[in-house]
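Please examine the sequence and the model displayed here.

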Amino acid sequence: MIRAQEELAFIEAEFKRVPFLYIADGVNDKIWILERKSLAVVGAIGQMGRQAGQFRGINSISVDSAGNLYTAEANDGKRIQRFNVVKE
């Protein structure tokens, strides 16, 4: 059994390892990419639409341990998309 303090320390350590924050913007149908340390906007993904990389009512976002970004749409889209985030 993991105690809460140890679990929180692990989550904090994992968070510090991630260089970017991703914010799902359902109003503008975009994912904003921010540099974690400065909170500067360094990019965005998406626009309104129903094709790959586009969104209609994005309402959830998640990142897995491999760095893949997942989005879910609950409005008209009703789908999940996966993005491979690469650094240029």
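A residue is called buried if its relative accessible area is under 20%, exposed if over 50%, and partly exposed in between, using a 1.4 Å probe and protein chains only. By this criterion, Phe 55 and Phe 83 are both buried.

This is a predicted model, in which local features need pLDDT of at least 70 and side-chain atom pairs count only at pLDDT 80 or more, while totals for chains, interfaces and linings use all residues. Residues are numbered from 1 along each chain as its sequence is written, and side-chain values use heavy atoms, with hydrogens and water left out.

Strands here are DSSP runs of E with at least two residues, numbered from the N terminus; two of them pair if DSSP finds at least two bridges between them. Strand S1 (residues 20-25) and strand S2 (residues 30-35) run antiparallel and are joined by six bridges. Within this pairing, Tyr 22 has Ile 33 of S2 as its bridge partner. Four residues separate the two strands of this hairpin, and Asp 29 in the turn has a positive phi of about 55°.

A second hairpin is formed by S4 and S5, again with four residues between the strands; Gly 67 in its turn has a positive phi of about 90°. Five bridges link S4 to strand S5 (residues 68-73) in the antiparallel sense.

The structure holds one aromatic pair. Phe 55 and Phe 83 form this pair, which is tilted, with 6.0 Å between centres and 55° between planes. Rings of Phe, Tyr and Trp (its six-membered ring) pair if their centres lie within 6.5 Å; planes under 30 degrees apart count as stacked, over 60 as edge-to-face and the rest as tilted.
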